[in-house]
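Me: I have a structure open here and would like to go through a few spots in it. Could you take them one by one with me?

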Amino acid sequence: MKYRNLGNTGLKVSEIGLGAEWLERHNAEEVKAVIDCCEEQGINILDCWMSEPNVRSNIGAALEGRRDKWIIQGHLGSTWQDGQYVRTRELSQVKAAFMDLLERLRTDYIDLGMIHFVDEPEEFHRIMDGEFIGYVRELKESGVIRHIGMSTHNPAVAKLAALSGEIEMILFSVNPAFDMLPATNDLNKYFEETYDESLGGIAPEREELYRICEQRGVGITVMKGYAGGRLFSAQASPFGVALTPVQCLHYALTRPAVASVMAGYDTPEHVMEAVAYETASEEEKDYASVLANAPHHAYSGQCTYCGHCAPCPSGIDIAMVNKLYDLAAMQEEVPATVRAHYASLSANADDCIGCQDCESRCPFGVPVAERMEKARKLLGEK
């Protein structure tokens, strides 16, 4: 296993990490089997954002006696209320949930105290100018958290965090479907030939973010590295071709400032599929050739979350709604976390007026209004 510096935190993390979300599906014995396998393979960082009590307790039991071998990302603002996950900034609930995290993980400190799921610039400013950041600072001053981090899917928020001088690392969603960043000149030319050159490249704000993080020593750990498994299926992928876990990991790990990918595992076998990256050949890692040879039609009508559809007169973050819809549609049942993230948006598909102005700006011909209606039906309140 290779280890990387996590920005300027002084922490060295395994480039393959453990995103523990999938462990919610499993009992204590199964959770321990996954964590044991991770440790045996040299993985030393895990992210536990989930508020569900049982998974926290199961992880804590699995880590008993070896806490010092693990770097833990623990989240502030992820709470369990009336039997379900609720993201909140209400301090009394935030404090209770964080103390519960410490107790169930059987630890008196968290290495990376993550301000949980901040996806709008306005909310970022409210947090950083209000009592929430005051509580986070108290935790750091007392040593209960060692470093301050933030999780976000929004490159604008991530940029604010990287420039803040106080957020030391970011948990950010990185994969080729979310980024659409070409890795080679040949692939760049492919996109230029396929789409309007006036776009000036795909997702330049993400390229800028990675550069800023690298320059300022703000480390990135990666969530959604597999896009919820969507990239493993040619049918589900926006590219029309399937990638392997190794190719997805290589994509994320070749972004500037990225230190570790928090991959999700149901079984020890899934762990081994990820750590195969450490011994993979350059040919096995090569995602660029796969994407460059993808059929042209694979891009048409598929949302790649590039954001060129903005602005929306109703204030909808169309790319975010589409991303949540796609993640939900892949599951037999909509995950509560995805539904909660959707509900937390200041504007969502319920606010779509069907004007279709966004469709004229979409370089991929996505029927946005139609997808907003589908999202409303799938993700709206039951």
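Reply: Gladly; one cut-off is needed first, namely that a residue is called buried when its relative accessible area is under 20%, exposed when over 50%, and partly exposed in between. Please keep in mind that this is a predicted model.

Me: OK, then is Thr-9 buried or exposed?
Reply: Thr-9 has a relative accessible area of 10%, and because the limit for buried is under 20%, Thr-9 counts as buried.

Me: Where is Thr-9 in the fold, and what does its side chain reach?
Reply: Thr-9 belongs to the loop between strand 1 (3–5) and strand 2 (12–14), and its side chain reaches the backbone oxygen of Leu-6 at 2.7 Å. Setting aside residues up to four places away in sequence, Thr-9 touches His-147 and Glu-168.

Me: Switching to rings: how many aromatic pairs does a search of the whole structure find?
Reply: The search finds four aromatic pairs. One of them joins Tyr-226 and Phe-232, whose ring centres are 4.8 Å apart and whose planes meet at 55°, so this pair is classed as tilted. Within that pair, Tyr-226 is buried at 9% relative accessible area, whereas Phe-232 is partly exposed at 32%.

Me: And what about Tyr-251 and Tyr-287?
Reply: Their ring centres lie 5.1 Å apart with the planes at 75°, so the pair is edge-to-face. Tyr-251 is in helix 10 (residues 245–253) and Tyr-287 in the loop between helix 12 (282–285) and helix 13 (288–292), so the pair ties together parts that are 36 residues apart in sequence. Both Tyr-251 and Tyr-287 are buried.

Me: Which charged residues sit over rings?
Reply: Arg-67 lies over the face of Tyr-109, 4.0 Å from the ring centre, and the charged end of Lys-285 sits over the ring of Tyr-277, 4.6 Å from the centre of that ring.

Me: What is Tyr-265 in contact with?
Reply: Leaving out neighbours within four places in sequence, its contacts include Ile-16, Leu-18, Trp-22, Val-34, Cys-38 and His-270.

Definitions and conventions:
Residues numbered from 1 in each chain as written. Predicted model: local features only at pLDDT ≥ 70, side-chain atom pairs only at ≥ 80, totals over all residues. Heavy atoms only, no water. Helix = DSSP H or I, 4+ residues; strand = E, 2+ residues; numbered from the N terminus. Buried < 20%, exposed > 50% of the residue type's maximum accessible area, 1.4 Å probe, protein only. Polar contact = N/O pair within 3.5 Å; in protein donor to acceptor, adjacent residues only side chain to side chain. Contact = heavy atoms within 4.5 Å. Phe/Tyr/Trp six-rings, centres within 6.5 Å; stacked < 30°, edge-to-face > 60°. Lys NZ or Arg CZ within 6 Å of the ring centre and 35° of its normal.
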